[in-house]
Amino acid sequence: GQMIFSTLGMLLSGQSLHTAIRGGSSMVQIGEFSFIVATLGLNLGVTSEFLYPIIVCVAVITTFYTPLSIKSSEGLYQFISARLPNRWLAFLRQYTSEKRSNSDRGGEWKKFITRYFLRTVITSAALFLIYSAGNYCKDIVGPWAAAIGTCILMIPVINLMQNNRSNAFKKLWLKSTTNRLPLLALRVFRLLIALFFLVLTWRKFIGAPYLLLIVLGIILIILAIRSTFLRSHAIKLEARFVANFNERILHKKKEEEEDVWMGDKVYIVEFRLDDAGQCRTVASLLNERVLDVLVIKILRKERHINIPGPHEMVCSGDLVTVVSSKGQLEAYLIALENAEYIETPKEPMVTLREYMYSQIDREIPPEEQIMCCAIPISKGSGLHRKTIRNSGFRAKYEGFIVGIERDNYPIIDPPLNMIMEDGDLVWAIGTQGMAQRLLKDDLLQE
C-alpha cells in the first residue's frame, strides 16, 4: 500500500511514470519508527503482545528488501509500461516529465502554494465556524432549518475557496503541461474539504444516507462554483475582508501617496501578431483559459483601431495592445507563445500611467490616444447597483472597466457580474469619445 500510494502521489505531482515507480519502490519498508509506535501501543495496552514481534519482523524484512526493490524497479517499470494502454501512456508522457525537478525551481510554485494553503486554511476555518454555529442553533430552530441555513451560509465560502482567478495558477497551468496534474490534485483537495463539511452538516443534523448526501453535496458544490452571482458576492466578501484586515495599512498608504490611482496597478503590453499570415478575431485571440485581459488597441500600419469589438479581425503584422494585471498579462503571453501566435514582446510591460504618457512622446494624435477616467459611484449615479455586464458600459460608452476601488482596496479585472456600489471608484479606459459621453451623462466631475 505504501508503495502504491507513493507512486500515485509522485504521478500527481508531475513526475514521470519511471520516476514514480522508482520512488515508490524505495518506500516499501515500514521503517524503524514502527518500533516506537509498537512499543508505545504495547505500553498503553492498545495492542496485544503477540503483535509487537510481528511488527519488528516485518520492519526488518522490508528494510533488507528495499535495495532489492529499488534494483527491480526498472523491470517493474518495463512490465507496467508494456501493459498500460497506449492512450494512458500518451497522457502520462504529456502531463509528466523526468526533468520536472530542474524546470520548476523558480518562485512561482512557492508563491502559489503559500497563497493556496492560506486561502484553504481561512476558508476551512470559516466553514467550521459556520458548521459549529449551525450545530448550536439546531435545537433552537430545528434540524431541517439549521441544515438548510448552514448550507446557505457555506455556499459563498465554498465559492471563495474554489477561486480560479489566481494569476499564479494560470501561469503555472500554461507554462508547462507537467504542472497540470498537481494543480488539479490541489483543486480536488479543496473540493473534498467542501464536500466533507456539507456531508457532515446533513449527516449530523438530518441523518440521511451517505450516498445521497455525497450526491447532494456534489450538486451544491457545482452550483456554488459555476454561479457568477455567487462569484461576484464572494469577491465582494473577500475585498471587504482584506480591506478591513489591512485598514490601517491601506489608509496610511493613501495618506502617504496623494497621487495613488489605478493606473499604477494596471499594466499594458504590446506585441506583434506573427501567425503565418492568418487573421483571427479578437474573441478567438482572447479565448485562452478565460484569461481576464482586454484588447484596447490594434495598430495596423498607420490605422488606429481603438477599443475593438470581439468580432474585429487581427492579422499578422498588427501591433496589439492589451491591458490587465501584471500576473494576468504574464500568463496570457505564455499562452500566446505556446500557441505560436506571437514572438516574445520586444518592449517591456509598462503601467497604464506610463503608457498614457508615452503616447505623447510617440506623437499619437489626441483623438487616437487611450484615456483613463475615474468614475465615482453614488446613489444617484446611472451605474449604481448595476453589474458591469448589465451596465452596457462597453456598448454605450465604448470603453472598458479595468478596476474598481472599494474602501481603498483596488480590485483589478473585476468580474462582469460584480455590482458597483455607493462609494466605489470605477476606473475605465477608452478614447476621448468615452470621456465626452461620461460627461454628458454626469458620471464625471469636470
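## Around Trp202

Leaving aside residues up to four places away in sequence, tryptophan 202 touches Trp144, Ala147, Ile148, Cys151, Gly207, Ala208, Leu213, Leu216 and Leu220. Contact here means heavy atoms within 4.5 Å. Keep in mind that this is a predicted model: local features need pLDDT of at least 70, side-chain atom pairs count only at pLDDT 80 or more, and totals for chains, interfaces and linings use all residues. Residues are numbered from 1 along each chain as its sequence is written, and side-chain values use heavy atoms, with hydrogens and water left out.

Trp202 also belongs to the largest nonpolar core, which has 24 residues; Leu127, Met154, Ile158, Leu198 and Trp202 touch the most other members. A nonpolar core is a set of buried Ala, Val, Leu, Ile, Met, Phe, Trp, Tyr and Cys residues joined through side-chain atoms within 4.5 Å. At least two residues of this core come from each of α8 (108-141), α9 (143-161), α11 (180-205) and α12 (210-226). In soluble globular proteins, nonpolar side chains tend to be buried together.

## The whole protein

Zooming out, you'll find 20 helices and eleven strands. These are DSSP runs numbered from the N terminus: helices are H or I with at least four residues, strands are E with at least two. Of the 446 residues, 43% are buried. Buried means under 20% relative accessible area, exposed means over 50%, and partly exposed is in between (1.4 Å probe, protein chains only).

Among contacts with a separation of 6 or more, 75% are between residues 24 or more positions apart.

## A buried lysine

Is Lys170 buried or exposed? Lysine 170 counts as buried because its relative accessibility is 8%. This lysine is part of helix α10 (residues 167-175).

## A four-stranded sheet

Next up is an open, antiparallel sheet of four strands, in the order β8-β11-β9-β10. Its edge strands, β8 (371-376) and β10 (409-412), each pair on one side only. From one strand to the next, the twist averages 25 degrees. Two strands count as paired if DSSP finds at least two bridges between them.

β8 and β11 (residues 425-430) run antiparallel and are joined by six bridges. For instance, methionine 371 has glycine 430 in β11 as its bridge partner. Helix α20 (residues 432-440) lies across β8, β9 (399-406) and β11, at about 20 degrees to β8. For that angle, axes are lines fitted to C-alpha atoms, for helices over the stretch in contact, and angles run from 0 to 180 degrees between N-to-C directions.

How many disulfides does a search of the whole structure find? The search turns up one, where a disulfide is a pair of cysteine sulfur atoms within 2.5 Å. Cysteine 279 and cysteine 315 form it, with their sulfur atoms 2.1 Å apart. The link is right-handed, with 110 degrees about the S-S bond. Distant parts of the chain are tied together here: cysteine 279 is in strand β2 (residues 279-281) and cysteine 315 is in strand β5 (residues 313-315), 36 residues apart.

Cysteine 279 counts as partly exposed because its relative accessibility is 41%, while cysteine 315, at 18%, counts as buried. Cysteine 373 is in no disulfide, and the nearest cysteine sulfur, that of cysteine 372, is 6.6 Å away. With 6% relative accessibility, cysteine 373 counts as buried.
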